[in-house]
Amino acid sequence: MPSAVHASGASPSPPASPVVAAPPPPPPPPAPPVAGDGAAYDVFTAPFNCSPLDDKTFDAVAYINQIFPSEQSLSSIDLVLAKLRRRVRTMDDRIQENLRQQTDRGKNNATQLESVTRAMQDLVGHIVSIKEKSKESERVVQDMTRDIKSLDYAKRNITHSMTVLKRLGMLTMAVNQLKEHAAKRQYRQIVPLLQAIRQLESHFRSFRNVPKVAALLNSLHFIQADLRKQIFELFDSAFTSQAQLQPAVDRPTLAEACLVLDGLEPSGRLQLQDWYSSLVLREYRSIFNGKDELTSLDNVPRRFAWLRRYLKSYDDEHSSVFPSAWRMDHELCMRFCTESKGGIAAAAAGVKDVKALLKAMKATVEFEGYLVQRWRGGDSSGAGGDAEEPTAYRSMSEALEPALGPYVESEDRRLADLVGRLAQAGLAVDEGNPSVLASATELFVTYKELLAQVAKLSHGKLLADVAGIMGKHLDRYADTLNGFVRDERRGTVPADGWRELATVLNTAQYCSVITGQLREKVLEKAAASHRGSIGLDRQVEAFKAASMGAVKCIVRSMVDGACEGAWANMSRIPWGSLQSAGDASPYVAMVTAVITGAVPVLAATISEAAMFRSLCDKLAEAYPTKVYQLLNRCKPINEAGAEQLLLDVHALKSVCSRIPVLGDPESQPTSIFTRVLNKGFGKLEVLLKVLLTPATPAEALVTTFMTVYPEKERTRVAFAQVVELKGLKRSDATACADLLAQRLASQVQQHAASADQTGAGAAATNATGALVAASAAAATAGAQALADAAAAAGTQFAVKKMFGKSSS
């Protein structure tokens, strides 16, 4: 091992002294970089930025030992010291140089900062100077342009003044011309003059405080008022008291006067329309607003005939007098409708004659249609087009609708008699559509005719009232259909019997669809304000319910009625004394005959495939349910009887599975049908498999029950049925009850332990154990007590009470 020296701050020992032995150094640091010739890259020649002295893990003792690996190498210690001193001097020189550079750089930075500050101050001074010069320049420019602006304002004011003076002169001239033309009744020249005056007058509304302008405008208003008065006097003299034109009247002058009124204020046109309408309707009021016979309901068409005659006279003589844009004839028609609705309603009040009411209503609706057609341009050259018709045109029929109560009552009675007669007609089918009853087609044909008749008369209250009585009698007809299928058919049902039931089903479906269409048709024809009071949804649902009632009746007739003899035969078989099982029992053949005889007829008659599929699903559920119920009438059942019943159930399941195929040989049972059928017969098969097991030993019967029955159905009630059907003795029933209680308790304990293993809480586990113990104790005690009490009542009764009461 090479010797080492102390890493201290003192001078090294003389050469003669032995090398001081240092304690074993720690593991040496990584070797320093190697020079090109393989020698150590020491601190003497290494650059300052990569000297070994900069390493945080530098070990001075190890490095000295590396420099002086032996005692002979200590002879060069003076040379090493000299190199170190030179290295230190070089480092000191570098440090001083860096300090001088930093000092000089700080001085330079301060000088530069001061120079930048002075430059910024000079820049700010320049900006302020430029700002002041720009303001001075702006003042100079304003002084230079002040006179120019003043001249511009003067020019603008002079131009405006000249324009105002020019317009004032034009207005003055126009007013004077208007006064002259008005005096001469030269209306043709006045029309364009009024348009010009209206435009000029709008420019002087802000000058009304100027006396001359105010005087001119007042003069204009006086002239216009005189002109309007003059025109009304002209029309008053041109028409007679009967609203006829005078023989020598100048029609073009009247037409020009109307155009003059258009040029004046709108109130002049409205005033002339009111005057003309009042003049025309004066005669109408005198004729039809009295107390004589002409105001009666029978004379309502004469009111309309009077207006038709006058409108014809208007088209021939008066239409050229009034501008087409005024629609003077339609203004007259609206006034007529407004005044007539009260008289018509008063004439209809208290009238009970349905024919008279319908005649008046029909005439009113036809006349309103004529007015609407005229408004749209059908009978006149006036511009009607697509404009919305006046609401007043429908006011007369709306006023007459409340008086049509006797008509609604008569239709109510007619429909009531019809539905009663249809109910008495029975199950006769329609000749054109044999799949439904003739009564249904007759009813809806009557409804169609009634709806067409009422839609021509009203789209409001009358239509809503008639829709209400339609719904009322549809409910009655739905009750009639329900009466046909209220009771199931019993005994031997012929093919016609099944066909009749299917026809009722088809009729109910048909009525449901047609009633929905009737509802949409009524809503389409009804006014928007009355659609909320119209609804036949309840009747649609009533017919759907009737169709489902027909399906249920068919199912009851097939399962309970037609198979009544087969179930009686099943109940008479001594199932408790059979010795062996053989072929299918006779009742199976009887049920098969009912199914094969009824299903093809039903499939051929039922018009909707969906309803036939629903019927098949109901039958697949009803037959195994019926057999399950009848097992209680077959007790006791021994092992041979259970085997025979199991064979019969398989035969019945095979027959029932062919029900869809009997209806359509090319069809296949649906998944719903198959699932329902397997569920029903599967319940029977499970019960009969348990009944196949002998009652003794009890262990075998309980084991079979726990094995065959699904876990959710392993209840005391289910086992009670097994015991009751087997007819066990009291002792056997008690033993089975005790053993079942133990098995059920063990099953619950296993479930509790499994739940505890999968992370269930301790509280839940304790509660489950307590429940198991209590259930087992109660079952055992109840079974023993009831078994003792059965001595006087009989074994079967004791078994029934034992399991029935303990389950509750």
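**Aromatic contacts in this predicted model**

1. Tyr284, Phe288, Phe304, Trp306, Tyr310, Phe336, Phe367 and Tyr370 group into one aromatic cluster. This is a predicted model, where local features need pLDDT of at least 70 and side-chain atom pairs count only at pLDDT 80 or more, while totals for chains, interfaces and linings use all residues. Residues are numbered from 1 along each chain as its sequence is written, and side-chain values use heavy atoms, leaving out hydrogens and water.

2. Across the whole structure, the search turns up 19 aromatic pairs (rings of Phe, Tyr and Trp, the last by its six-membered ring, with centres within 6.5 Å; planes under 30 degrees apart are stacked, over 60 edge-to-face, the rest tilted). One of them is Tyr477 with Phe543, tilted, at 6.5 Å centre to centre and 55° between the planes. Tyr477 sits in helix α13 (residues 461-484) and Phe543 in helix α15 (residues 537-561), so this pair ties together parts 66 residues apart in sequence (helices are DSSP runs of H or I, at least four residues, numbered from the N terminus). Tyr477 and Phe543 are both buried, meaning under 20% relative accessible area with a 1.4 Å probe, protein chains only.

3. Now for Phe705 and Phe719: the ring centres are 5.0 Å apart and the planes at 70°, so the pair is edge-to-face. Phe705 belongs to helix α22 (residues 698-708) and Phe719 to helix α23 (residues 716-726), 14 residues apart. Phe705 is buried at 0% relative accessibility, and Phe719 is buried with a relative accessible area of 0%.

4. Charges over rings also deserve a look (NZ of Lys or CZ of Arg within 6 Å of the ring centre and within 35 degrees of the ring normal). Arg327 lies over the face of Trp375, 4.3 Å from the ring centre. Lys683 lies over the face of Tyr628, at 4.4 Å from the ring centre.

Notes. Helix = DSSP H or I, 4+ residues; strand = E, 2+ residues; numbered from the N terminus. Buried < 20%, exposed > 50% of the residue type's maximum accessible area, 1.4 Å probe, protein only.
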